[in-house]
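Here is a short note to read beside the model.

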Amino acid sequence: MIEIKHVTKTIHGQTVLSDISLGLEYGTAMGLSGANGSGKTMLMRIACGLVQPSTGAVVIDGEPLNPAHPFPQSVGILIEEPAFLPGCTGYDNLKLLADIKGVTTDDDIRCAIERVGLNPHDRKRYRAYSLGMKQRLGIAAAIMEKPTFILLDEPTNALDEDGEELLRGIVLEEKARGAAILVSSHDSEVLKAVADQIIRLKAGSIVEQG
């Protein structure tokens, strides 16, 4: 499982997260709710190794993230706005990412693009994508390698109703596959539809868990 143990993050003397402890099992989804500035995005950054905590630890399958092994071995991430090369197609952008680890086939890439409602054969460049299309491609990037740990930060941003429905289906499918999913959203209905438990943050602390 993924464990966040007594994590505190202080930046320039200000506490952004305060003594956060959570456990996330495979095959489940945890929802994060809270106002802007509550600490949701920072918690996700720490959970996937992008930011180091001031104190505490992130432990994955019994092994803590550390300077020698700063990132989870199998992780898919969508945090804040997705960013891709503007002059490349959606498929070519994902292919470049997939080639880094070399664990994803061309068919896997095409399947991920189709799952989010895009056309893998579309030759449109990323710069011409709408905001909703960019968000869908970011979700595809997070799931294409079939990771065991998936983090989705406000994944419904810029999505229309059909896109939100696709997103809910994808999260449920990834849970059924056995992934552990951490998802944040301002939309409580989205979290209720996909999350096994919902954590509410306020000023960097957990104020509700259920």
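**Pockets and salt bridges**

1. The largest pocket has a volume of about 540 Å³. A pocket here is an open set of points on a 1 Å grid over the protein atoms alone, where a 1.4 Å probe fits, with protein on both sides within 12 Å along at least five of seven lines; lining residues have an atom within 4 Å of a point. The volume is the space filled by probe spheres set on the points, which are joined across faces, edges and corners.

2. This is a predicted model, in which local features need pLDDT of at least 70 and side-chain atom pairs count only at pLDDT 80 or more, while totals for chains, interfaces and linings use all residues. Residues are numbered from 1 along each chain, and side-chain values use heavy atoms, without hydrogens or water.

3. The largest pocket is lined by 24 residues, with Ile77, Leu97, Ile100, Ala141 and Met144 nearest its centre.

4. The search finds 14 salt bridges in the whole structure, each a side-chain nitrogen of Lys or Arg within 4 Å of a carboxyl oxygen of Asp or Glu. In one of them, Glu174 pairs with Arg177, the closest N and O atoms being 2.6 Å apart. Glu174 is buried, at 4% relative accessible area, whereas Arg177 is partly exposed, at 37%. Buried means under 20%, exposed over 50% and partly exposed in between, with a 1.4 Å probe and protein chains only.

5. Arg115, Glu173, Glu174 and Arg177 are linked in a network of salt bridges.

6. Arg110 forms a salt bridge with Asp107, at 2.7 Å between the closest N and O atoms. Arg110 is partly exposed, at 26%, and Asp107 is exposed, at 54%.
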